[in-house]
Amino acid sequence: MIFVANQRRSTFPLCSIVTGSALLVTLLFAVYWPGLHGDFFFDDTPSILTPDGVRMTSLSWASLRDAFYSGTSGPLLRPIAQLSFALNYLWRGFDPFLFKITNLAIHVTNTLLAFIFVYQLMQRGEHTNKRHCALEAAIITALWALHPIQLLAILHAVQRMTSLSAGFLLLGLILHLQARDAESPTRKAMLFAGAWLACWPLSILSKETGLLFPFLVLICEFFYPHTLGKRQDTFTRGLALACVISALSAIIYLLLPAGRWILAGYDFRPFSLSERLMTEARVLWNYADLLIAPRFHVFAIHHDDIPISSGLLSPPTTLIALIAWTAVLLLAWLCRKKQPAVSFGVFWFLTGHALESSFLPLEIAHEHRNYLPSLGLIFAGVVSISQLQKRVIKTKAVIAIITVIPLAYFSLITALRAHEFGDTLRLTQMEANNHPNSPRAQNTAGSALAALPQARDPISPIHALARYHYEASTRLSPSEKGSLLGLINLECNAGLKPSPPLIQELEKRLASPPFAPGDRNILFSIKETATTSPTFCLTRTDVDALFSGAFSNPSVTPWVKAIIHSWYADYLWLNQRDFLLAKRNLEDSLTLSPNNPSNQLKLAQLFFLSGEHGKATALLKQLRAARLNQGELRTLNELLAATKLAD
């Protein structure tokens with residue numbers, strides 16, 4: 001593909017680019033291949049394995065609709081990513097290899113898009129020699145593609161949300177830059193429409209970070225202006241005004257009662273808004289450190305071992321981090337004319353983190369958040385070194401060494417990490433070893449060991465090691481609940497009776513704030529294990545106490561409480577055959593969340609089983625117009641047929 005901007009810009013050498021691209025793609029597949037054989041993990045479950053809509057069996061409109069609306073992440077549910085998961089399932093079911101190799105294909109595509117974008121941007125600079133621009137763009141792209149910080153966007157299946165959003169965003173930036181250079185009004189309008197009316201919405205619907213598109217466009221236009229005179233034109237000034245108004249409007253909305261829902265997540269986080277903002281200043285430096293000097297043992301799935309900043313001097317590095325970022329921003333602004341690449345890189349990196357590393361009540365740190373922001377710092381570093389080389393280093397051999405060493409090092413670290421991710425047991429034990437103060441790393445290490453057959457023997461070393469990891473996780477975090485349930489299941493599977501203090505501690509933690517987003521999965525696991533596992537050993541009294549603890553927690557939102565009532569009803573109905581109390585809990589759930597057709601269908605089933613056929617029929621007829629997935633529609637029709645026969 002050849003892109004032509006205008007008369008002052010040349011095409012890049014296609015043959016060299018094709019050859020280089022083939023080598024890079026081959027290297028990417030070689031580096032990532034061992035990790036493609038790993039299993040699903042962490043939050044793959046709620047977004048991929050659990051939603052019924054992902055289990056697509058045909059390409060019917062109903063199936064596509066169910067997949068489109070199957071998401072549970074973010075306010076927009078990320079339907080484009082969910083649809084892609086469903087298409088993977090349609091082909092080969094829940095095959096982790098297919099999900100991950102699809103992610104790798106997306107990353108390869110994004111690498112090509114990143115090259116085109118960087119090349120176009122550099123053509124706007126002072127030095128427009130096509131070979132120099134193509135070479136620097138290729139180095140930047142290769143470093144970005146092979147950097148080990150990108151690994152989770154490929155080998156963590158659910159993080160396709162991140163790479164898909166970034167891909168549409170990069171394509172939108174390419175089309176926007178071409179539109180600015182186009183001379184034909186028709187071509188200009190079509191390119192603008194593709195960028196702003198197609199790519200931008202698709203990016204947002206893959207993940208909400210796509211909302212940053214206008215701000216990233218502004219950074220491109222400001223530091224690499226479109227006009228030959230290097231002054232911001234009317235479009236850039238208008239876009240800047242729109243971005244400022246949008247940012248101010250968002251701040252005002254957050255301060256109003258209507259925006260309370262966005263910050264409500266802090267009610268179930270172990271940190272406040274101010275504590276998160278202070279901590280993120282340190283986290284951003286951690287990210288920059290990993291980008292500049294990646295070390296194998298520092299990378300992790302979970303970074304919940306980062307201390308929270310409770311004040312500017314607690315820890316003291318909080319104030320240092322804030323002052324340092326202020327100085328970096330000031331220097332980047334002051335050198336914007338002499339060193340636009342440095343200014344662009346700094347502002348791109350920080351803008352890319354403006355949502356996930358700022359005010360939103362998300363977890364403190366995740367490496368995949370650097371997927372697109374990392375391009376800025378790598379861009380700044382390569383261009384700066386290139387400028388230094390042109391003035392100081394003239395030997396081609398030295399230049400080659402400077403280029404090859406980081407590429408080889410990044411490839412090595414990424415390959416080692418990919419090998420780690422290729423086996424669940426290896427991954428979890430290495431993560432726990434490298435991050436001994438991470439509650440989640442210890443919990444997942446315990447879970448991986450507990451799944452082994454040897455763990456059923458209470459005197460085996462595997463059983464003892466699983467217990468050790470679970471107990472470490474419980475000790476590290478006073479709000480950790482999954483490790484307590486892990487200990488209970490470990491004892492049940494070994495034929496032991498869980499100790500009452502263990503159950504009481506889990507009940508206490510379920511009843512005490514905060515109630516984190518993943519904590520409701522504890523209750524889901526209990527009801528699922530109770531109804532499917534022959535080794536489940538908790539008594540009805542134990543289960544009642546654990547659910548009661550969750551119901552009494554003041555930080556549980558009505559929406560979550562409705563879900564828990566529904567799961568408790570499942571346990572009472574399927575495990576205890578207590579139809580009366582199950583109906584009562586479903587009715588409580590529908591009181592809290594009245595427009596839930598799935599729970600209405602469950603209630604109709606209970607009415608039918610209790611012999612209340614009239615109530616069942618009336619409710620089923622109401623549900624004919626409700627949005628149900630295909631499995632629920634089958635249940636609805638079967639129940640309607642059964643009620644007719646019963647009558």
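Reply: Below we go through a pocket, the cavities and the nonpolar cores.

Me: OK, what should I know before we start?

Reply: This is a predicted model, where local features need pLDDT of at least 70, side-chain atom pairs count only at pLDDT 80 or more, and totals for chains, interfaces and linings use all residues. Residues are numbered from 1 along each chain as its sequence is written, and side-chain values use heavy atoms, with hydrogens and water left out.

Me: How many cavities of 30 Å³ or more turn up?

Reply: Two, from a search of the whole structure. On a 1 Å grid over the protein atoms alone, a cavity is a set of points where a 1.4 Å probe fits but cannot get out, while a pocket is an open set with protein on both sides within 12 Å along at least five of seven lines; lining residues have an atom within 4 Å of a point.

Me: What lines the largest cavity?

Reply: It has 18 lining residues, with Ala-166, Thr-209, Gly-352, Leu-372 and Pro-373 nearest the centre. Helix α8 (160-181) and α15 each give two or more residues, and α8 gives the most, with four. The space is about 170 Å³.

Me: And which residues line the second largest cavity?

Reply: Asp-39, Phe-41, Lys-100, Phe-421, Asp-423, Thr-424 and Leu-427. The volume there is about 30 Å³.

Me: Switching to pockets, what volume does the second largest pocket have?

Reply: About 790 Å³. There are 28 lining residues, and Leu-143, Ile-378, Gly-381, Val-382 and Ile-385 are the closest to the centre.

Me: Which element gives the most to that lining?

Reply: α16, with nine residues. By class, the lining of the second largest pocket has 20 nonpolar, six polar and two charged residues.

Me: Now packing: which residues touch the most other members in the largest nonpolar core?

Reply: Phe-117, Ile-140, Phe-344, Trp-348 and Phe-379, out of 72 residues. A nonpolar core is a set of buried Ala, Val, Leu, Ile, Met, Phe, Trp, Tyr and Cys residues joined through side-chain atoms within 4.5 Å, and buried means under 20% relative accessible area (1.4 Å probe, protein chains only). Helix α5 (residues 96-123) gives the most to this core, with 11 residues.

Me: What is Phe-379 in contact with?

Reply: Leaving aside neighbours within four places in sequence, Phe-379 is in contact (heavy atoms within 4.5 Å) with Val-118, Leu-121, Met-122, Ile-140, Tyr-224, Ala-341 and Phe-344.

Me: Which residues does the second, separate core include?

Reply: Among its 53 residues are Phe-515, Ala-550, Leu-628 and Leu-636.

Notes:
Grid points are joined across faces, edges and corners, and a volume is the space filled by probe spheres set on the points. Ala, Val, Leu, Ile, Met, Phe, Trp, Tyr, Cys and Pro count as nonpolar, Asp, Glu, Lys and Arg as charged, and the others, Gly among them, as polar. Buried means under 20% relative accessible area, exposed over 50%, partly exposed in between (1.4 Å probe, protein chains only).
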